[in-house]
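Let's take a look at how the inside of this protein is put together. Have the sequence and the 3D view open, and follow along residue by residue.

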Amino acid sequence: MNLRHFLIPFLLQGLVVPAMASSDQAEKRLQTAVNEVLEVANATSNQEALATALRPVLQKHLSFEAMTRRAVGPGWRQFSDDQKKQATQSFTTLIIRTYSSKFTPGEHPEVQYKATMTPAAGRVEIPTSLLYQGSRYNVTYRLEQAEGWKITDVLIEGVSLVANYRSQFDAEFKKGGANAVVGALSQSVAKK
């Protein structure tokens, strides 16, 4: 037996352990995020205050820049730095407001975590089952590793949040480019 054949199992084992450890870190990060969101939701009594209270928690755990970039799609390259900043800020507000409006004060969802999937290096998908107000929902969180693990998309019953917005932003972009997307986002945020 030559040395290479002897070392291959050890080298492969070394490659597998960090990947498993990495997905464990992603799962812990998601669980921490969910727990922090639920703590804030349980401590807040109205929707408007909830959106304000959730903002720092969600900004810590979600990559709104990555979500905005993907929701806009290829047109993102044509945005100026200022337009990217405006779009990201408005999209962040829109997502936080939409997300917080789904909570009912006093209701406590049950979350069950399923086996983590790793579609590519530095990316994981963590499926969950959520029991909320008597209904069960399948929610999958997509996380990417960049300065720690951050959520970059949420699929609810198989529907991607990012892809849903992308179809809307694509239509706006085709109408009037980056200005149209930024304007549509600003109008959505202004509606309250």
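Start with Leu143. Leaving out residues up to four places away in sequence, Leu143 touches Ala26, Leu30, Gly122, Arg123, Val124, Ile126, Trp149, Lys150, Ile151 and Thr152. Keep in mind that this is a predicted model.

The largest nonpolar core has 43 residues, and Leu143 is listed with Phe79, Phe91, Phe103, Tyr141 and Phe169 as having the most contacts inside it. Which elements give two or more residues to this core? They are the helices α1 (3-43), α2 (47-61), α3 (64-72), α4 (81-100) and α5 (161-191), along with the strands β3 (123-132), β4 (135-145) and β5 (149-156). The largest share, 9 residues, comes from α5.

Now for the rings. The structure holds 5 aromatic pairs, and here are two of them:

| Pair | Centre to centre | Angle between planes | Arrangement |
|---|---|---|---|
| Phe79 and Phe173 | 6.4 Å | 10° | stacked |
| Phe91 and Tyr165 | 5.1 Å | 90° | edge-to-face |

Why does the pair of Phe79 and Phe173 count as stacked? Their planes sit at 10°, and planes under 30 degrees apart count as stacked. Phe79 is in the loop between α3 and α4, while Phe173 belongs to helix α5, so this pair ties together parts that are 94 residues apart in sequence.

Are these two residues buried or exposed? Phe79 has a relative accessible area of 4%, so it is buried. Phe173 comes in at 17% relative accessibility and counts as buried too, because the cut-off for buried is under 20%.

Phe91 lies in α4 and Tyr165 in α5, so the pair ties together parts that are 74 residues apart in sequence. Phe91 and Tyr165 are both buried.

Finally, have a look at α3. Which of its residues are buried? They are Phe64, Ala66, Met67, Thr68, Ala71 and Val72. What do they pack against? Their partners are α2, α4, β5 and α5. After α3 comes Gly73, and its phi is positive, near 85°.

Definitions and conventions: Residues are numbered from 1 along each chain as its sequence is written. This is a predicted model: local features need pLDDT of at least 70, side-chain atom pairs count only at pLDDT 80 or more; totals for chains, interfaces and linings use all residues. Side-chain values use heavy atoms; hydrogens and water are left out. A nonpolar core is a set of buried Ala, Val, Leu, Ile, Met, Phe, Trp, Tyr and Cys residues joined through side-chain atoms within 4.5 Å. Buried means under 20% relative accessible area, exposed over 50%, partly exposed in between (1.4 Å probe, protein chains only). Helices (H or I, at least four residues) and strands (E, at least two) are DSSP runs, numbered from the N terminus. Contact means heavy atoms within 4.5 Å. Rings of Phe, Tyr and Trp (its six-membered ring) pair if their centres lie within 6.5 Å; planes under 30 degrees apart count as stacked, over 60 as edge-to-face and the rest as tilted.
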